[in-house]
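Reader: Before we turn to particular contacts, could you set out the structure so that we can go through its charged pairs and its helix packing step by step?

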Amino acid sequence: MQQRELGRTGRRIGVVGLGAWQLGADWGEVGEDEALATLNAAVDAGVTFVDTADVYGDGRSEQIVSQLIKDRPGLTVATKMGRRVVQEPSAYTLDNFRAWTDRSRANLGVDTLDLVQLHCPPTPVYSSDEVFDALDTIVAEGRVAAYGVSVETCEEALTAIARPNVATVQIILNAFRLKPLEKVLPAAAAAGVGIIARVPLASGLLSGRYDESTVFAADDHRTFNRHGESFDVGETFSGVDYATGLEAVRRLAPLVPPQITMAQFALRWIIDQPGVSVVIPGARNPAQARANAAAAAFDALPEATLQGVREIYDELIRSQVHQRW
């Protein structure tokens with residue numbers, strides 16, 4: 001698999017990684033054996049980067065990933081912190097950072113976390129010198145090797161990129177969320193900050209497997225957070241109305257080259273965007289993990305196809321998401 005620099009971490013990773021949210025919670029139940037089989041299938045297919053968080057299953061995802069890295073040395077594992085407490089800027093302190101990273105180090109079974117990211121904190125956090133001084137401290141103490149941020153908006157991303165020691169920015173980027181292409185990706189590239197593209201399949205909409213009759217489980221965020229009841233609605237279907245998303249997928253279908261699935265097309269589109277370090281699709285089983293990784297092997301999409309994606313976005317999606325995020 002093609003390797004790229006992961007921003008200021010000094011690490012090289014495969015361009016397709018694995019997002020481990022679904023192995024913890026909020027996507028319906030995934031058994032531990034299936035989760036481990038999925039992780040191993042991804043690594044066998046060339047994945048070298050796994051993204052998790054302390055809040056995914058309240059640590060379950062980290063604990064499952066820990067079993068993987070015991071047997072598969074050389075992987076880069078990123079985790080996230082901050083969403084297990086009330087979302088107030090005052091919670092983002094050095095003492096809390098120490099406690100949170102100590103818990104993640106124990107869950108993952110490592111002395112030093114490869115990369116820890118603030119997990120979509122309140123917007124004022126990005127402008128706090130004290131917060132970033134505290135992050136510098138936990139690096140100096142050896143708790144983490146590098147730190148980054150996971151953001152909801154482009155404005156938050158740009159504020160973070162201006163910080164001298166931010167290694168990476170994780171942001172929603174997919175064919176339904178093009179706004180980061182305008183300023184965020186160029187600014188990150190200029191600063192040497194890595195871009196981790198999350199929600200690449202718009203919570204599965206861009207897999208092309210869903211229609212108006214699809215029913216999601218009650219414990220799946222695509223049911224309980226469809227209107228932002230539990231967390232930012234942009235994390236569910238990228239904030240796009242479900243019916244609109246289905247129509248957009250139908251219009252995208254003729255752009256998909258032969259011998260490639262809609263999901264692989266969506267991932268390849270992200271890989272082709274200048275400035276992207278890694279895309280982190282989730283997978284619930286080994287077959288999905290292998291198919292996602294295979295997207296890295298396809299040829300870059302032609303310019304006419306990229307323009308076609310832009311036109312569909314402008315017509316159906318832009319007015320729903322562009323101003324908010």
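Author: In this predicted model, D95 and R98 lie three residues apart in helix α3 (residues 94–108), and are therefore separated by about one helical turn.

Reader: What is the N to O value for the salt bridge in which the side chains of D95 and R98 meet?

Author: Side chains of opposite charge can pair when their charged atoms come close. A salt bridge is counted when a side-chain nitrogen of Lys or Arg is within 4 Å of a carboxyl oxygen of Asp or Glu. The side chains of D95 and R98 meet in such a salt bridge, N to O, at 3.7 Å.

Reader: Is D95 buried or exposed?

Author: Exposed means over 50% relative accessible area, whereas buried means under 20%. Because its relative accessible area is 55%, D95 is exposed.

Reader: Which residues are linked with D95 and R98 in a network of salt bridges?

Author: The pair of D95 and R98 is itself a salt bridge. The network that holds D95 and R98 also links D102, R105, E141 and R143.

Reader: How are the axes of α5 and α6 oriented to each other, roughly parallel or roughly antiparallel?

Author: Helix α5 (residues 154–161) and helix α6 (residues 184–191) pack with their axes 10 Å apart, at an angle of about 10°. Angles under 35 degrees count as roughly parallel. The two helices, α5 and α6, are therefore roughly parallel.

Reader: Which residues in α6 are met by C154, A157, L158 and I161 in α5?

Author: The residues of the contact of α5 with α6 comprise eight nonpolar, no polar and no charged.

Notes. Residues are numbered from 1 along each chain as its sequence is written. This is a predicted model: local features need pLDDT of at least 70, side-chain atom pairs count only at pLDDT 80 or more; totals for chains, interfaces and linings use all residues. Side-chain values use heavy atoms; hydrogens and water are left out. Axes are lines fitted to C-alpha atoms, for helices over the stretch in contact, and angles run from 0 to 180 degrees between N-to-C directions. Helices (H or I, at least four residues) and strands (E, at least two) are DSSP runs, numbered from the N terminus. Angles under 35 degrees count as roughly parallel, over 145 as roughly antiparallel, 65 to 115 as roughly perpendicular and the rest as oblique. Ala, Val, Leu, Ile, Met, Phe, Trp, Tyr, Cys and Pro count as nonpolar, Asp, Glu, Lys and Arg as charged, and the others, Gly among them, as polar. Buried means under 20% relative accessible area, exposed over 50%, partly exposed in between (1.4 Å probe, protein chains only).
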